[in-house]
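Biologist: Hello! I would like to learn how to read a protein model, one feature at a time. Could you show me the structure we will talk through?

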Amino acid sequence: MQLLNLLIVKLVNTVFSLLPLSVLYVIANLIHFLVFRIFKYRKKVVQQNLSNSYPKKTRDEINQITKSYYQYLCDLLVESVRGLSLSKKELQSRFVYNNPEIFDSYFNESRSVILLGSHYGNWEWGTLSFPMAVHHKVVGIYKPLSNRKLDTFLNKLRRQWGLHLTSMKNAGRSIIEHKNIPTIFVLIADQTPVDVKNAHWLNFMHQDTPFLHGADKLARKTNYPVFYYSIKKIKRGYYEVWFENICLNPKSLPPGEITRRYARLLENTINSEPTYWLWSHRRWKRKRPR
């Protein structure tokens, strides 16, 4: 089964690499009709998440965000696959970084930093293009797929423009290995933690929400400055990115404070355009331990 999944992904990637995005968006429209109208993929999950996050919105408003979300999700699907074969020039023209110079002084001082993001906008294009926008070495900390062959294949494509990857469990080792190399360690920090006992619990989007504690722990241990990136969709197939500081001296903060600041920034990003966050994820499936 793992081999079959790998062959399917390779076939889709090959076919998509031959088609322009304008054609792929036609395919995305078709997928949207099937997913939203026919199969209603996780529609109840999406609407429940939206209703709980926006208790003051009307049913019509929730329905409109839901519809827009599914169009975004289908666009994201074809963009993510096509992005693996986009040329450097086209990727840079479609995914623009507005203030990457924010990291220059740290690079000049041979200092590493931590960058926190989320499943918002087109994070896959960010994964591919970010190393081209900065002077630092870029290491993405991620959770490997259970299908190792597929994980290896996808990561090979993701590395084509300079990205380096390490698993969550090897993050500490990677930080030690890069001790003398100015590096930006990138984490997608809005994933649902399995270990809810050690998670940081916050009121997020009007709900009791667990957050991974790893980024906060790494930042306070290394004292690397922590930044946040937000992605804004300009139009179909075009995005812009901004960076902002979360904390310059993590050791000065109590445990959980970096997570709290990150959560507030992410909440502001989501509220600015709710359509572009991953609402079909069962973000609130776990409850706080008593």
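Biologist: Let me start with a helix. Which residues are buried in helix H3 (residues 43–53)?

Modeller: Please keep in mind that this is a predicted model. A residue counts as buried when its relative accessible area is under 20%. In helix H3, the buried residues are Val45, Val46, Gln47, Asn49, Leu50 and Ser53.

Biologist: What covers the buried residues of H3?

Modeller: The cover includes H4 and strand S7 (207–211).

Biologist: How should I think about a nonpolar core, and which residues have the most contacts inside the largest one?

Modeller: The general idea is that nonpolar side chains tend to be buried together in soluble globular proteins. Here the largest nonpolar core has 87 residues, and Leu116, Phe130 and Trp279 have the most contacts inside it. Helix H4 (residues 59–83) gives the most to this core, with ten residues.

Biologist: Which residues does Phe130 touch?

Modeller: If we leave out residues up to four places away in sequence, Phe130 touches Tyr97, Phe103, Leu115, Val138, Ile184, Val186 and Phe243.

Biologist: Several of those have rings. How do I read an aromatic pair?

Modeller: A pair of aromatic rings is described by the distance of the centres and the angle of the planes. The count for this structure comes to 23 aromatic pairs. One of them joins Tyr97 and Phe130, which form a tilted pair with 5.8 Å centre to centre and 45° between the planes. The pair links distant parts of the chain: Tyr97 is in strand S1 (residues 95–97) and Phe130 is in helix H7 (residues 123–133), 33 residues apart. Tyr97 and Phe130 are both buried.

Biologist: What kind of aromatic pair do Tyr106 and Phe227 form?

Modeller: Tyr106 and Phe227 form an edge-to-face pair, with 5.7 Å centre to centre and 75° between the planes. Tyr106 lies in helix H6 (residues 104–108) and Phe227 in strand S8 (residues 226–235), so this pair ties together parts that are 121 residues apart in sequence. Both Tyr106 and Phe227 are buried.

Biologist: Which residues do ring pairs link into a cluster?

Modeller: The cluster is made of Phe95, Tyr97, Phe103, Tyr106, Trp125, Phe130, Phe227, Tyr239 and Phe243.

Biologist: Now for charged side chains. How many salt bridges does the structure hold?

Modeller: The structure holds ten salt bridges. When you read one, look at the distance between the atoms, then at where the two partners sit. Asp75 forms a salt bridge with Arg236, and their closest N and O atoms are 2.9 Å apart. Asp75 lies in helix H4 while Arg236 lies in the loop between S8 and strand S9 (238–247), so the pair ties together parts that are 161 residues apart in sequence.

Biologist: Is Asp75 buried or exposed?

Modeller: Asp75 is buried, because its relative accessible area is 2%. Arg236 counts as partly exposed, at 32% relative accessibility. Asp75 and Arg236 also belong to a network of salt bridges together with Lys233.

Biologist: What about salt bridges within a helix?

Modeller: An α-helix has 3.6 residues a turn, so residues three or four places apart point the same way. Take Arg94 and Glu90: both lie in helix H5 (residues 88–94), four residues apart, about one turn of the helix. Arg94 forms a salt bridge with Glu90, and the closest N and O atoms are 3.0 Å apart. Arg94 counts as buried at 11% relative accessibility, whereas Glu90 is partly exposed at 27%.

Biologist: Where do Glu257 and Arg260 lie?

Modeller: Glu257 and Arg260 are in helix H11 (residues 257–272), three residues apart, so about one helical turn separates them. Their side chains meet in a salt bridge of 2.6 Å, N to O. Glu257 is buried, with a relative accessible area of 16%, and Arg260 counts as partly exposed at 35%.

Conventions: Residues numbered from 1 in each chain as written. Predicted model: local features only at pLDDT ≥ 70, side-chain atom pairs only at ≥ 80, totals over all residues. Heavy atoms only, no water. Core = buried A, V, L, I, M, F, W, Y, C linked by side-chain atoms within 4.5 Å. Buried < 20%, exposed > 50% of the residue type's maximum accessible area, 1.4 Å probe, protein only. Helix = DSSP H or I, 4+ residues; strand = E, 2+ residues; numbered from the N terminus. Contact = heavy atoms within 4.5 Å. Phe/Tyr/Trp six-rings, centres within 6.5 Å; stacked < 30°, edge-to-face > 60°. Salt bridge = Lys/Arg side-chain N within 4 Å of Asp/Glu carboxyl O.
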